[in-house]
Amino acid sequence: MLLGMPALPTSPRGVGNLRGDETFPVAARRALANGQLRANLGHATQTIRTKRAQVVGEVAGWEALREAGSQLKRHTMGDLETYLLQLEEKVTARGGTVHWARDATEANEIVTRLVRATGADEVVKVKSMATQEIGLNEHLESQGIAAYETDLAELIVQLGHDKPSHILVPAIHRNRSEIREIFLREMADVDPELTDEPAVLAAAARQHLRRKFLSARVAISGANFGIAETGTLGVVESEGNGRMCLTLPETLITVMGIEKLVPRWTDLEVFLQLLPRSSTGERMNPYTSMWTGVTPGDGPQEFHLVLLDNGRTAVLSDAHGRDALNCIRCSACLNVCPVYERAGGHAYGSVYPGPIGAVLSPQLTGVEDNASLPYASSLCGACYDACPVKIDIPSMLVHLRNAHVETHRAEHRLPSAESAIMKAASWVMSNDKRWSAAVRGARAGRVLGRKRGVIGPIPLPLADAWTQSRDIPRPPTQSFRDWWTAEHEGGQR
Ligand code: SF4
């Protein structure tokens, strides 16, 4: 049993996809230079935002629904151990087998062992963030087992030897002509006259996958929800590929993060309203598949549930950070985030990009392994407003920034250039005379901005990093204080 263990391990290094090779600023700078990527992202996020706003606007009690979702999740996290044990008992009673995976390494080993035991050397997969997180496909491949993604966007990512860049739309960074090129290059059975019409591309993918669905003996899925009361697992999806994987093979293996629980069946009435509206901008999910253990003569006759910790217990132990576990992976926060829209998902280096990734990934790995992510935000608060379970991501970002700063302070690596600047600013701003002198001095900057009306990059130490990506407004001839004095105090100071 993982809960209650004295040590609270984070996700191990060297396995899975929670850590990038570069910091966010380095990766984001390269992404910002890619005009095609920015155009694809801007178009896609705008479309989803518009759809979401329409269907959310139809629900009179949307705020009450959000509150209900938030309360249900907080209640579940407050008694997670009890609900997990209840889930295990119910799944087992219905003929399933529950496995507990401390981390990504254990989960990969468990799944590999289970697939090997069936004698199969290939599996079909339902789109799953948990299996992306642990790098399951890569691990299975290294063990001689081929994993075929069946969600269209995941298939595009897999065939393109690429990484997902969005929780819900993993290939959001690709446009249709790029997808056509990938299909022509990678699909042996594709029509060489393939066009980039969406319906034609979807038909090509369907044809490509059909044989896999019919021949696969093992399927691997994640789960959107696990219901403690009944031992039921649920997957919501839009294409029907999930339904095929969950019903046709002989063996089903589900990898689920331990936070995906809800206590009761009736709790789904809240989440199945919140999730589709927030994610795809639909009123309900096209395919909602639910299963409980094994049913003789119907569907997979062998069912394994792998419950994944991989740092979640450590997140749960942080009173200020644990709400990140309430996430239902709708991706609404990504679609409204101005940083995500411009930098794209790959810049975050983790399978969890955008605002939720900026708080979840550093907590799962330990803040220092993803220290740049809590700074990948303008703190505008759009993510909080959009979140269907009211996760206060901006406060969590500040909390994690503080954790990062405190770690460095403890290691005597401060004062950094930033803290020296902040101290100097504090000294100037805490005294009226010093501040007035600084404001008068700033007017000298007018000379720098006389051509463009703004001050561009300043090639000086300390100013360089800040001004490379930001223009500073040209200081006005009259400061606010001078104007106030002239207007209200007859020019007397
Ligand atoms: S944090 Fe909220 S908005 Fe973002 S993916 Fe999770 S549930 Fe959706």
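## Domains and annotated region

Domain bounds here come from an automatic or database domain assignment, and the structure to which they apply is a predicted model. That assignment gives domain 1 as residues 24–313 and domain 2 as residues 438–488, and the C-alpha centres of domain 1 and domain 2 lie 50 Å apart.

According to the UniProt record, an unreviewed entry, the annotation "domain: LUD" covers residues 86–307.

## Strand β1 and Thr 97

Thr 97 is placed in strand β1, which comprises residues 97–101. Because 16 other C-beta atoms lie within 10 Å of Thr 97, this residue counts as partly exposed. Between Thr 97 and Glu 138 there are 41 residues of separation in sequence, and the C-alpha to C-alpha distance for this pair is 24 Å.

## A four-stranded open sheet

Four strands, in the order β8-β5-β6-β9, form an open sheet in which the pairing is mixed. Its edge strands are β8 (261–262) and β9 (287–292), each of which pairs on one side only.

Strand β5 (residues 225–227) pairs with strand β6 (residues 232–237) in the antiparallel sense, and three bridges join the two. Gly 226 has Leu 233, in β6, as its bridge partner. In general, the strands of a sheet pair through backbone hydrogen bonds, either parallel or antiparallel.

## Two loop residues with positive phi

His 161 is found in the loop between α8 (152–159) and α9 (176–186), and its phi is near 50 degrees, a positive value in a residue other than glycine. Since a residue with 12 or fewer other C-beta atoms within 10 Å is classed as exposed, His 161, which has 8, is exposed.

Asn 310, likewise not a glycine, has a positive phi of about 55 degrees, and this residue lies in the loop between β10 (302–308) and α13 (312–316). Asn 310 counts as buried because it has 28 C-beta neighbours inside 10 Å, the threshold for that class being 20 or more.

## Surroundings of the ligand

There are 14 residues around the ligand, of which Cys 327, Cys 330, Cys 333, Ile 356 and Cys 387 come nearest. By residue class, the shell around the ligand divides into eleven nonpolar residues, two polar residues and one charged residue.

Technical notes:
Residues numbered from 1 in each chain as written. Predicted model: local features only at pLDDT ≥ 70, side-chain atom pairs only at ≥ 80, totals over all residues. UniProt positions renumbered as here; feature names shortened; annotations may be inferred. Near = placed C-beta within 6 Å. Nonpolar A, V, L, I, M, F, W, Y, C, P; charged D, E, K, R; others polar. Pairing = 2+ DSSP bridges.
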